[in-house]
Amino acid sequence: MAAGIRMSFQEVSPFLGNQWVGWENYATVLTNSRFHQAVSNTLVLGVGQSFGAVLVGFILALLLEGPSRSLWFVRTAVFLPVVTASAVVGEIWRIIYFPSPDGFMNKVLGLVGIDPIRYLEDTSVALYAVMTVGIWSSAPYYMVIFLAGLAGVDRTLYEAAAIDGARLRHRIVSITIPALRPAIMIVSILAAVRALRIFTDVWVLTGGGPAGSTQVWMTQIYTQGFERNNLGVASAASILLLIASVLLTVVAIYFTRNKEDR
Amino acid sequence: MKQHIAEKQRQTGRLKCSGTVLATLLATTTAGYAQEALEVWSRSGPQAAATYEAVFEAFTEKTGIPVEYLTALQFDTQLQARVAARDLPDVLIYDQSSMAAYANAGWILPIDPTSLAGHDEVSDVSWDSVRMADGSTYGVPFSQHAQITFVRKDWRENLGFDVPTTHEELIALATAFATGDPDGNGVDGDTYGMAVPGTTNRGFFAWWMFSYLAQQGAHYVEGGDGKYEVTINNPEGVAAVEWLYDAFCGDPNLAQPGAMTNASATPFFAEGQAGIYQTGPYAITSFTDKIGAENLEIIIAPAGSAGSTTLTERTSIYFGSTTTMPEAQKALAEFLISEEGQTLGMTAPGQPVVRLPVNVNLNAAEIYGDERFVTVAEQLEMSELMPSDIDFTAARLEIAETFQTLFSQCNDDVVEQLDVLAGLIADELDAVNALK
């Protein structure tokens with residue numbers, strides 16, 4: 001990390017000697033329009049994917065909680081995307097998203113009369129298509145954390161609520177969610193940090209295209225470092241990402257503590 | 001006292017002994033680290049790697065110099081790691097387009113062509129291509145070819161079209177492939193006109209587009225000897241880009257679905273979904289296997305207003321600057337440009353790594369025993385290299401990204417976007433002191 005910080009203040013050229021350039025690399029990152037686009041895409045993707053994955057993980061946990069053997073099998077099947085390599089997931093979804101009318105997803109949507117969509121080609125759709133893949137592949141991970149949390153919920157509370165005539169949604173809002181608050185917090189932090197450094201999904205699905213519409217912070221770092229050979233700028237961008245991740249975690253911990261204190 | 005002295009002597013003896021052991025160990029370790037094999041890298045798939053291995057085996061047999069060969073598909077990423085460790089491969093076999101960037105960064109060594117045995121058997125145009133703006137030479141030419149046009153012959157004949165010789169005929173054929181039923185499966189429009197590699201990875205799209213622009217007299221930049229001016233937004237540039245814009249954004253879209261984000265367009269042609277594909281002759285073997293020689297034709301690029309020019313692609317040999325085996329580097333380069341090395345690169349099992357020889361004594365069509373290479377060689381005569389005496393990498397990435405944007409969004413602002421692109425290219429040229 002020390003080397004990364006040092007490089008972020010240098011024009012890096014191991015064979016000709018690194019030149020000290022002060023804050024220039026940071027200025028380049030902060031003023032570069034591609035990085036601006038990457039920030040907004042990363043935020044949209046981060047918020048959407050975190051929220052979506054946590055929500056889907058929570059719903060899956062509610063649906064699949066229980067000791068029966070068939071549920072155990074379904075839980076294992078649902079968990080598969082988490083243990084599948086991201087590159088493989090990306091390739092599978094490229095096939096699912098194939099943009100011609102006889103592509104898998106388009107065929108399914110065609111059954112309900114929706115016109116074919118160019119998922120990864122249409123600049124206004126591509127980011128959401130990537131987001132869907134991210135939700136699909138990370139929600140089961142959060143499901144497992146929620147399942148562990150659900151196991152600790154006092155059953156008698158549900159029984160008491162049922163006797164009082166509480167409906168399902170009342171039980172979820174008044175018993176399940178409060179009991180899962182620590183799990184929700186941990187999962188949200190994990191999801192947000194994971195979304196900030198998303199790379200493989202985007203790289204395999206779109207390579208940051210079309211027209212930079214799925215360019216995120218990490219793909220920009222890769223492009224700067226390895227395609228444009230600006231390791232100094234890439235290091236500066238990495239340090240900024242590190243600071244953002246730490247800040248995000250600190251803020252999340254602060255709010256968790258406040259809630260616990262109250 | 002005596003006892004004390006004896007103890008001291010024993011200690012000294014032990015120290016001496018440990019010292020000897022340590023020295024022996026160090027010597028052994030150092031000897032273990034001494035380089036025994038010439039480390040060579042190329043960016044090749046498994047088939048081409050098999051060919052390289054056969055070539056290096058022959059080299060080792062002839063010279064006694066062992067080669068440790070690595071094929072790095074993520075060449076630039078893996079090379080960066082070695083740059084950071086300040087320990088580069090001894091020899092790199094890679095695109096000509098990377099030479100200037102590597103030379104400017106001090107990763108590769110200058111080469112005196114006349115010091116290489118057999119240098120006079122390599123064509124002058126090949127030696128010119130590895131010369132930097134300041135006149136120094138940093139590479140040894142190894143392979144050359146121009147992008148060629150593949151057409152599904154059976155599809156063309158099914159629809160009753162002649163071999164296209166002009167841009168108009170090319171578009172008419174692509175349109176027929178995209179809307180008709182060339183594969184005879186009874187369904188109209190389930191095939192695509194052209195397979196297009198629209199990826200911005202390594203700026204690939206800029207390479208592909210170069211040919212179609214040049215055929216209409218348009219170029220990203222024009223000049224030479226290290227100084228270039230941006231010409232992509234001149235009237236020829238605008239007209240040529242508008243022509244391509246119609247192919248991508250018109251109805252029907254002539255490219256395969258997903259063209260702008262596909263990592264590779266090759267499967268679309270190889271698996272019978274698209275009917276026209278412009279790429280390098282390295283694909284001939286795999287296309288012949290998949291489609292059948294009788295269904296595959298290689299044609300000279302259909303001419304635009306300025307002819308049938310396509311992009312020249314070259315592979316060169318570079319000497320890593322941290323080498324401890326300079327003589328072995330030279331020996332390998334000499335072998336690779338010799339008639340024996342070049343022939344093996346074309347014929348060893350796998351995929352040809354020498355597409356067309358740089359050695360003037362060799363005739364590709366004869367060696368391959370394949371008349372189609374006459375067309376490949378003819379196309380090379382009508383081809384142009386993108387600037388390679390300057391570091392054009394950043395400009396190439398800007399070009400690929402701009403055109404991917406233009407053809408993805410299809411929002412009709414060709415002139416405006418070309419003006420913006422011209423500014424971006426000028427900035428990048430200025431940054432490497434290459435703006436005229």
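Two exercises on contacts follow, each with a worked solution, and the model they use is predicted.

**Exercise 1.** Find the domains of chain B and describe the side of domain 1 of chain B that touches domain 2 of chain B.

*Solution.* 
Step 1: Start with the domain assignment, in which domain 1 of chain B covers 38-145 + 313-380, while domain 2 covers 148-312 + 388-431. Their C-alpha centres are 27 Å apart.

Step 2: Now look at who takes part in the contact, counting residues whose C-beta atoms lie within 7 Å. Domain 1 of chain B gives 23 residues and domain 2 of chain B gives 21 residues.

Step 3: Next, turn to the elements on the domain 1 side. Helix 4 (99-104), strand 4 (140-146), strand 11 (310-319) and helix 15 (372-381) of chain B each give two or more residues. Helix 15 of chain B has the largest share, with six residues.

Step 4: Finally, sort the residues of this side: eight are nonpolar, nine polar and six charged.

**Exercise 2.** Which helices of chain B each supply at least two residues of the side that touches chain A?

*Solution.* 
Step 1: Begin with the contact itself, to which chain B brings 28 residues and chain A brings 21 residues.

Step 2: On the chain B side, the helices to pick out are helix 3 (75-84) and helix 16 (393-409). The largest share, eight residues, belongs to helix 16 of chain B.

Key
Residues numbered from 1 in each chain as written. Chains lettered and ligands numbered in written order. Predicted model: local features only at pLDDT ≥ 70, side-chain atom pairs only at ≥ 80, totals over all residues. Domains from an automatic or database assignment. Contact = placed C-beta atoms within 7 Å. Helix = DSSP H or I, 4+ residues; strand = E, 2+ residues; numbered from the N terminus. Nonpolar A, V, L, I, M, F, W, Y, C, P; charged D, E, K, R; others polar.
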